[in-house]
Amino acid sequence: MARHTMTRDAQRGREAVELEFDAEVIDEPIDVLVQSNPVSGPIRVPRKAALGDTGIAVHPLALGGSVFGWTLSHEASFAVLDRFAGLGGELIDTADAYASGRSEQIIGAWLADRGLRDRMTVMTKAGRHPEYRGLSPRSLQGAVDASLSRLGVERIDVLFFHGEDAEVPLEESLGAVDRLIAAGKVRSIGASDFSPERLIEARVLAANGLPRFQTVTTAYNLMDRRGFEGAPELVAHAQGLAVLPYFALAGGFLGGGVRRRAELRHDARGARVARHLGRRGQRVLAVLDDIAAEHGVTTATIAVAWLQSRPTVAAPVAGVSRPEQVDALLAAGSVQLQRSELVELDRASA
C-alpha cells in the first residue's frame, strides 16, 4: 500500500517533501523516476497516464488553471505551480477564456521563469474567448495564435474545442485545426463537453482524413456521475478517448471541509457545494472518511483516486486555492483502492 509522508522546515522558509511508495501496486508499472525541481528533488510515481494516441504520458493528475488571474494573484499562482511541479506534476489545464487570458499569461510567465517548458504538458481551450468566439476557422486561427503568445510556447500540446458550435460545421473546424497541426502550432486535439453524437460525427470525419480527437473533458466526480456514465462513457471507451474529468472534487465538496450549511461560503463556490449537502452527500463523505483513514490520506485524495480507477479516465483535472492542497491531489496517484472500497464508493454515490 502506498504511503505519503511529509516534513516541513518552516524556520528556513522552505519545504522538503518526500514521497515513499511500497512495491505492492498491482498491475501497474512502478518506480517511474520524475525529475522535479530542487524543492523536492527526484521523486518516484507509481504510474503514468497516456493521453490517447498523442504519445504523451504524464502523472495522472492535471492541475486546473481556471483560478489563475481570477481568485489567485500572480504570486499565489506561481506558488501553486511550483508546488505542483515540485511534487512531480506534469499536466496543466487552462483555457483562453479563463480570466480573459490571464490564466494563460501566468502559466506562460511561470514556464519561462522556471525553465520547465520541456517537462510540462500544457492543455488549453479555444471557442469562448470574447475576441475569438466559436469554432470557425478564423476564430480558431486567431485564438491559437493568441494562446501561443500568452503561453510563450511554440506549440500547444492539447487544444480543446471549448464546447460545441452549432453555427459552424464540425468539418470546417477540424479542417482549420488540421492546418494548425501542419503548421506545428498544435500537437493534438480534444473535445470539451461534446455530446456522444458529436463525438461520433467527429470520428467519421477523422476516418476521412481530418484530425482525430484524442481526449475529452467533462464534469465527472462521485457526486456528479449521471452526466457521463452511460452513452458518453461508452463512446469514449469505444473511441479510445482519454477522459480528463473536471470538477474532480465537486466544487470542493469532496474535500470534506464543509459538512454543514452554516459553514458555507456566500459565493458561487458555496452555492455549488450547497447542492451536495443532503443525505447522499453525507453518505459519500462518510465512506470517504473511512477509506481515507484506512489509507492515511485525505478524503480529497480518495475522491481523486476513485476517478483514476475508472477505466476511461486518464487524469482528473482539479484546481486548488493554496499550494499545500496540491499534495493531496497528487498523492492519489499512489493510492491503490481495493475492490471492496470501490464497491462502497459506487454504492454510496449511486
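These are my notebook entries on a predicted model of one protein chain.

**Ground rules.** I number residues from 1 along each chain as its sequence is written. Because the model is predicted, local features need pLDDT of at least 70, side-chain atom pairs count only at pLDDT 80 or more, and totals for chains, interfaces and linings use all residues.

**Whole chain.** I looked up the secondary structure and found 11 helices and 16 strands. Helices (H or I, at least four residues) and strands (E, at least two) are DSSP runs, numbered from the N terminus. Buried residues make up 54% of the 350 residues. I take buried as under 20% relative accessible area, exposed as over 50%, and partly exposed as in between (1.4 Å probe, protein chains only).

**Helix 1.** I checked residues 74-86 next. This helix has 13 residues and reaches 18 Å from first C-alpha to last, close to the 18 Å expected. The expected span is 1.5 Å times one less than the number of residues. Its buried residues include Phe78, Leu81 and Phe84. Glycine 88 follows helix 1, and its phi is positive, near 100°.

**Cores.** I then looked for nonpolar cores, meaning sets of buried Ala, Val, Leu, Ile, Met, Phe, Trp, Tyr and Cys residues joined through side-chain atoms within 4.5 Å. The largest has 87 residues, and Phe213 and Leu254 have the most contacts inside it. Helix 9 (residues 299-309) gives the most to this core, with seven residues. A second, separate core of 14 residues includes Ile56, Ala62, Leu91 and Ala314.

**Glutamine 214.** I found this residue in strand 14 (residues 213-217). Glutamine 214 has a relative accessible area of 12%, so it counts as buried. I listed its contacts (heavy atoms within 4.5 Å). Leaving aside neighbours within four places in sequence, they include Asp53, Thr54, Ile189 and Leu241.

**Aromatic pairs.** I counted six in the structure. Rings of Phe, Tyr and Trp (its six-membered ring) pair if their centres lie within 6.5 Å; planes under 30 degrees apart count as stacked, over 60 as edge-to-face and the rest as tilted. Phenylalanine 161 and phenylalanine 194 form a tilted pair, 6.5 Å centre to centre with 45° between the planes. They sit 33 residues apart, in strand 12 and in the loop between strand 13 and helix 5 respectively. Tyrosine 246 is partly exposed, at 23% relative accessibility. Phenylalanine 247 is partly exposed too, at 43%. Last, I noted that Phe161, Phe194 and Phe213 form one aromatic cluster.

Definitions and conventions:
Side-chain values use heavy atoms; hydrogens and water are left out.
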